[in-house]
Amino acid sequence: MQLLVTGATGLQGSLFLNHLATASPNTQVYCLVRPTSDLSTIKKLDLNLNFLIGDSSTVETWEQGLKQYSPATIIHIAGIRHIPAILESLKKAGQSPRLIVIGTTGIYSQYNHYSADYKDIETQLAEYPGSSCLLRPTMIYGSHRDQNLHKLIVFCKRYGFFPVFGSGNCLLQPVHADDLAQGILAAYQRPEIEGAYNLSGGSVVAFRELLALVAKLIGKPVRQISFPLNLGIWFATRLEGLLGQRSPVRREQILRLQEDKAYPHDAAQRDLNFLPRTLEVGLQQELELLRSQGII
């Protein structure tokens, strides 16, 4: 086995495989997928795909798989918190394939209650005896399958307003999913590349500027309704208390909106030829996609 990919049927995994099919048709790829994964999209690609059924978050899946296969490279897209299970299993199996891991710039957050976990996982990855490359994307957008901007776009299009808690001047640098996919491909094609890279978008904007840009592109005014930060925190805390995990907004989200989330990608540009598109271009493409699918 040469290449094993997790998260292959998700947004990022399918985009990566699409680029791989173009760059290296008929490449043999083993995809670790769940029993319920929809394989229809990636099965159409010009790749020699094989499927392993399991859950990449569990040691059992990895131990069972590594008894049968010895991948030269593992591209782990499914979730950085699975890394301890992967490292433990590789150690037991006595294997040290090259690891390409999709992490998150959330590690820099002072509020994210996961940031401590991210830091611990990155430390474990840094101690891995084999070669590894960690790619840290910022907020990912570009599709109805992203977890971020498409919801904001749909809300603005439908209601013509958006709440702004606090100043709304925090900086954002979203990265288009397709640019990230090309970054993964570049890391795969350059086996000499090791270490950690931030993969951010081609534009830095304040949150209010983002809303203004969305309004411009959808061709509809979007009223920015300001709320005091403390009111937002109180409201989110109350909702979390009432609804738990079903709450549409979390206290931490409100707090994180006050943080700048712009990170330079100079190292990725230098080593991976990472040249992300501007936010305006990416959002225009996302809008066209959402319109074509009847979402907006």
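Predicted model: local features only at pLDDT ≥ 70, side-chain atom pairs only at ≥ 80, totals over all residues.
**Helix α3**

I started with helix α3, residues 59–68, and listed its buried residues: V59, T61, W62, G65 and L66. I then looked down the axis of α3. The buried residues fall within an arc of 160°, so they line one face of the helix. I noted the general rule behind such a pattern: an α-helix has 3.6 residues a turn, so residues three or four places apart point the same way.

**Aromatic pairs**

I searched the whole structure for aromatic pairs and got nine. I took the pair Y30 and Y69 for a closer look. Their ring centres are 5.2 Å apart and their planes are at 45°, so I logged the pair as tilted. Which parts of the chain does this pair tie together? Y30 sits in strand β2 and Y69 in the loop between α3 and β4, so the pair joins parts that are 39 residues apart in sequence. I checked burial for both. Y30 has 13% relative accessibility, and the cut-off for buried is under 20%, so Y30 counts as buried. Y69 has 24% relative accessibility and counts as partly exposed.

I moved on to F155 and F162. Their ring centres are 5.4 Å apart. Their planes are at 85°, so this pair is edge-to-face. F155 is partly exposed, at a relative accessible area of 28%. F162 is buried, at 17%. Both belong to a cluster: ring pairs link F155, Y159, F161, F162 and F207.

**The cavity**

I counted cavities of 30 Å³ or more and got one. The largest cavity holds about 30 Å³ of space.

H19 is in helix α1. At 18% relative accessibility, H19 counts as buried. Which residues does H19 contact, leaving aside its neighbours within four places in sequence? I found D178, A181, Q182 and L185.

H176 lies in strand β10, residues 175–176. H176 is buried, with a relative accessible area of 7%. Not counting residues up to four places away in sequence, H176 touches Y141, G142, R277, G282 and Q285.

**L171**

I placed L171 in strand β9, residues 171–172. Is L171 buried or partly exposed? Its relative accessible area is 31%, so I logged L171 as partly exposed. With neighbours within four places in sequence left aside, I noted contacts from L171 to V204, V205 and A206, and also to E259, D260, K261 and A262. I also took a distance. L171 and R246 are 75 residues apart along the chain, and their C-alpha atoms are separated by 28 Å.

**Positive phi**

Last, I checked backbone angles. Most residues other than glycine have a negative phi. I picked out two asparagines with a positive value. N26 has phi near 70°. Where does N26 lie? I found N26 in the loop between α1 (11–23) and β2. N26 counts as exposed, at 55% relative accessibility.

N273 is the other asparagine I noted, with phi near 55°, again positive in a residue other than glycine. N273 lies in the loop between α11 (266–272) and α12 (279–292). At 51% relative accessibility, against a cut-off of over 50%, N273 counts as exposed.

Terms used. Residues numbered from 1 in each chain as written. Heavy atoms only, no water. Buried < 20%, exposed > 50% of the residue type's maximum accessible area, 1.4 Å probe, protein only. Helix = DSSP H or I, 4+ residues; strand = E, 2+ residues; numbered from the N terminus. Arc of directions from axis to C-beta. Phe/Tyr/Trp six-rings, centres within 6.5 Å; stacked < 30°, edge-to-face > 60°. 1 Å grid on protein atoms, 1.4 Å probe; cavity = no way out; pocket = protein on both sides within 12 Å on 5 of 7 lines; lining within 4 Å. Points joined across faces, edges and corners; volume = space filled by probe spheres on them. Contact = heavy atoms within 4.5 Å.
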